[in-house]
Amino acid sequence: MSNDDISSKAIMRTARAANKRVAGREIREGSIVLGTAIVLIGSTVGPDWLHSPADPKTGTPSVAMDFSALRVATEGGPSAVQTAYFGWLSWMLFVGVIVLGALTVRSASRLWAAAGLVAGLMALFFSVLAIKGPLTWSQTAETLPNIRLGGYMVLVGLSAMLVFSAFRLFAPRTAPPR
C-alpha cells in the first residue's frame, strides 16, 4: 500500500467523521428550531392567553381569551401595536424567526444567526408591547397573574430562539461553512 493510498483513506475517514459531526449538529439544532416553531404556532391556535376575572362591582363575568378572541377584542382598539400584533404582525414575526432559525441551522452562518437574534428581539419587544396594550407598566405588572399558557408559550418560544441564535452567533467555528 502506497503512502498516497494511506493518506487518501485518512482523508476519507476524517471527512466522514466531520460529516457525522455536522449532521449531528444539524439534527440537534433543527430539533430546537422545530420545537420552537411548534410552541410559537401552537400558542396562536390553542391555549388561552389571558384570563379576566369576574368583577362583582360591575357584574362582569370572568372571561378566558385565546389568540383569536384577543384579535377580535383589539380590533380598532386604542393600541395600534396591539391591533397589528393580534391581526398580522405576530404571524410575520414568528415566521421570520422560524425561517431565520432554519437558515442558521442549514448554513451555520453567523450572518443568519445575527439576523435571527435581531428578529427574535423585535418579536419579543412587540409581543411584550402587545400584551401590555394601552395599560401603564404598573397596571401591566398587576395583570401578570392573569396571563395564561398561550402568552407564556410565546415568551418561552421567543426566548429559546434568542438563546439559540446567540449561541450560534458567538459559538466557535467547529466545521467549515458549506
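## Before you start

Since the model is predicted, local features are given at pLDDT of at least 70 and side-chain atom pairs at pLDDT 80 or more, while totals for chains, interfaces and linings use all residues. Numbering starts from 1 along each chain as its sequence is written, and side-chain values use heavy atoms, leaving out hydrogens and water.

## The overall layout

Let's begin with the big picture. The chain has 6 helices and 2 strands; these are DSSP runs numbered from the N terminus, with helices being H or I of at least four residues and strands being E of at least two.

Of the 178 residues, 34% are buried. Here buried means under 20% relative accessible area, exposed means over 50%, and partly exposed is in between, with a 1.4 Å probe and protein chains only. Take the contacts (heavy atoms within 4.5 Å) with a separation of 6 or more: 67% of them join residues 24 or more positions apart.

## Inside the core

The largest nonpolar core holds 24 residues, and Trp-49, Tyr-85, Phe-86 and Leu-158 touch the most other members. Such a core is a set of buried Ala, Val, Leu, Ile, Met, Phe, Trp, Tyr and Cys residues joined through side-chain atoms within 4.5 Å. Two or more residues each come from α1 (3-45), α2 (67-74), α3 (80-107), α4 (110-132) and α6 (149-170). The top contributor is α3, with 10 residues.

Have a look at Tyr-85. Leaving aside residues up to four places away in sequence, Tyr-85 touches Trp-49, Phe-67, Ser-90, Phe-94, Phe-126, Ser-127, Ala-130 and Val-154. Phe-86 is worth a look too: α3 has a kink of about 65 degrees centred on Phe-86. That bend is the angle between axes fitted to the seven residues ending at a residue and the seven starting there. Just after α3, Ala-108 takes a positive phi of about 55 degrees.

## Charged pairs

Side chains of opposite charge can pair when their charged atoms come close. The whole structure has 3 salt bridges, each a side-chain nitrogen of Lys or Arg within 4 Å of a carboxyl oxygen of Asp or Glu. One pairs Glu-26 with Arg-106, with the closest N and O atoms 3.2 Å apart. Glu-26 sits in helix α1 and Arg-106 in helix α3, 80 residues apart. Glu-26 is buried, at 18% relative accessible area.

Another salt bridge joins Arg-168 to Glu-29, where the closest N and O atoms are 3.3 Å apart. Arg-168 lies in helix α6 and Glu-29 in helix α1, so this pair ties together parts 139 residues apart in sequence. Both Arg-168 and Glu-29 are buried. Then there's Arg-71 with Glu-75, with the closest N and O atoms 3.4 Å apart; Arg-71 is partly exposed, at 33% relative accessibility.

## On the surface

The chain exposes about 10500 Å², and carbon and sulfur atoms supply 70% of it. Accessible areas come from the Shrake-Rupley method with a 1.4 Å probe; for residues, only the protein chains shown count as cover.

Val-95, Val-99, Leu-103 and Trp-112 make a nonpolar surface patch with about 310 Å² of accessible area together. Patch residues have over 30% relative accessible area and no salt bridge; like charges are joined within 9 Å and nonpolar side chains (Val, Leu, Ile, Met, Phe, Trp, Tyr) within 5 Å. The largest share of the patch, 3 residues, comes from α3. Trp-112 belongs to helix α4 and is partly exposed, with a relative accessible area of 34%.
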